[in-house]
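Colleague: Could you take me through this chain step by step, with the criteria behind each term?

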Amino acid sequence: MLAIGSPLASSLRTSTSCNALLRELQQIWSDIGESEAEKDRMLLELERECLEVYRRKVEEAANAKARLHQSVAAKEAEVATLMAAFGELNVHSPIQTEKKAASLKEKLASVTPLLEDLRVKKEERIKQFADIKTQIEKISGEISGYNYPNDTMISCLSLEDQDLSLRKLNEFQTHLQAIQKEKSDRLHKVLQYVNEVHLLCGVLGLDFAQTVSDVHPSLHRTNQEQSANISDGTFEGLEQTINKLKTERRIRMQKLRDIVAVLFELWNLMDSPQAERNVFSRATSVLRLSEAEVTEPGVLSTEIIEQAAAEVERLAKLKASRMKELVMKRRSELEEICRMTHIEPDASTSVEKSNALIDSGLVDPSELLANIEAQITKAKNEALSRKEIMDRIDRWLSACEEENWLEDYNHDENRYNAGRGAHINLKRAEKARVTVSKIPGNYPP
């Protein structure tokens, strides 16, 4: 028995219907009185019209099949391309399974959701690549000295030219991590350079903001949206600036040391009070420090140097007006040292000759003072070498003085009379006898 709805059953029903209609048509033609030739012509025409309908339907079905086959092939090709881009080629891939499907519609129904999933995956993967590429290009631009704006549009990776596999994505991520580390290292190095420039500018009293801005404006930018420039050009500029500042520090330090040395000389010469010297304690502190140890802000500023130089100029003028007084004072000190050490002072710088020389203008008072200073130093050295001998002479003279006093005391007939101070004289006489007994050539009585 034929199943209802089967192609054969449908064909039989169609054939029965056509035969019934044909018989009805022939009956109509007979009733009309159509000839046999006319009936054959009309049947042939009817057959041609039926064939034309069948041919048209076949063509339409063939075209639909071709379009469906083309759609399936295109989607399969796109799936294969996407899986190749993802690096997921596999003999057990969904495409191989689809080829076993019974019909084109089944193939299309099977491949369409797979393709949609792959397209979504492609967009997500391309976005991942684009995000990483954007960061890489931005950081590379910062390192090379060209900053990309934050809204720079990075062209999407084309499917034909790019590998969208996880292996390639990992390569991009690894490169991004490496370049991020390089950026971090460069930022740390720039920060070290900037801190050193800040320290040197502070010591020299220079404008730090202007100094680093001359290297690159981003190094002293209040706007936090743009980080400091980390290009090689910035490094070179900072290194040159640091070397320039260190050279300036060396020059200023030597200049200030020279000025301070003169200051100490004038202070000592003028007997300047400590309070007056303390005013320049910041300037004088550089004498005991190395270049690297000088970190106090402003200690090498032009203001400090100018103040010290002005003090030197002031003391120099004061020195000129007081030079004669100083010469006389130093000469008196020389004479006192010579007297105590039993040395004859140099007569060439006596008070009378010194006055005459200064008044006549034949000799520079500074030279005369330096000469006296040299004589004082020589006298002090001589006194130091004679110290032991002079101590002995002093003791000998003291003993001789006691001997004379004792002799006078022994000849005094009233020395034993009780009276005011008698016991004091008696004790001195006992002490004098002991002292005199130590004089060479004397013996105790």
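Colleague: What share of the contacts in the protein chain with a separation of 6 or more comes from residues 24 or more positions apart?

Modeller: This is a predicted model, in which local features need pLDDT of at least 70 and side-chain atom pairs count only at pLDDT 80 or more, while totals for chains, interfaces and linings use all residues. Residues are numbered from 1 along each chain as its sequence is written, and side-chain values use heavy atoms, with hydrogens and water left out. Contact here means heavy atoms within 4.5 Å, and among the contacts with a separation of 6 or more, the share from residues 24 or more positions apart is 71%.

Colleague: How many helices and strands does the protein chain have?

Modeller: Helices (H or I, at least four residues) and strands (E, at least two) are taken as DSSP runs and numbered from the N terminus. The protein chain has zero strands, and its count of helices is 14.

Colleague: Which kind of aromatic pair do F129 and F172 form?

Modeller: Rings of Phe, Tyr and Trp (its six-membered ring) pair if their centres lie within 6.5 Å, and planes under 30 degrees apart count as stacked, over 60 as edge-to-face and the rest as tilted. The structure holds four aromatic pairs; for F129 and F172 the centres are 5.1 Å apart and the planes make 85 degrees, so the pair is edge-to-face.

Colleague: Which helices does that pair link, and is F129 buried or exposed?

Modeller: The pair links distant parts of the chain, 43 residues apart, with F129 in helix α4 (residues 104-144) and F172 in helix α5 (residues 166-204). F172 has a relative accessible area of 18% and is therefore buried. F129, at 1% relative accessibility, also counts as buried.

Colleague: Which residues do ring pairs link into a cluster?

Modeller: F264 and W267 form an edge-to-face pair, 5.4 Å centre to centre with 85 degrees between the planes, and because they are three residues apart in helix α7 (residues 232-270), about one helical turn separates them. F264 is partly exposed at 29% relative accessible area, whereas W267 is buried at 1%. The cluster that ring pairs make consists of F264, W267 and F280.

Colleague: Which residues does E311 touch, not counting residues up to four places away in sequence?

Modeller: E311 is found in helix α10 (residues 302-341), and its 8% relative accessibility is why it counts as buried. With residues up to four places away in sequence not counted, E311 touches L263, W267, E276 and F280.

Colleague: Over the face of which residue does K189 lie?

Modeller: A charge sits over a ring if NZ of Lys or CZ of Arg is within 6 Å of the ring centre and within 35 degrees of the ring normal. K121 lies over the face of F86, at 4.8 Å from the ring centre. For K189, at 5.0 Å from the ring centre, the residue is F235.

Colleague: How are α5 and α6 oriented to each other?

Modeller: Two packed helices are described by the angle between their axes and the distance between the axes. Axes are lines fitted to C-alpha atoms, for helices over the stretch in contact, and angles run from 0 to 180 degrees between N-to-C directions; α5 and helix α6 (residues 208-215) pack at about 140 degrees, with axes 9 Å apart. Angles under 35 degrees count as roughly parallel, over 145 as roughly antiparallel, 65 to 115 as roughly perpendicular and the rest as oblique. The helices α5 and α6 are therefore oblique.

Colleague: Which hand does the crossing of α2 and α4 have?

Modeller: A crossing is left-handed if the near helix is turned anticlockwise from the far one by less than a right angle, and right-handed if clockwise. Helix α2 (residues 36-85) and α4 pack at about 35 degrees, with their axes 9 Å apart. Whereas the crossing of α5 and α6 is right-handed, that of α2 and α4 is left-handed.

Colleague: Where is I230, and is I230 buried or exposed?

Modeller: I230 has its place in the loop between α6 and α7, and its contacts beyond four places in sequence include E142, K183 and F235. With a relative accessible area of 0%, I230 is buried.

How values were computed:
Buried < 20%, exposed > 50% of the residue type's maximum accessible area, 1.4 Å probe, protein only.
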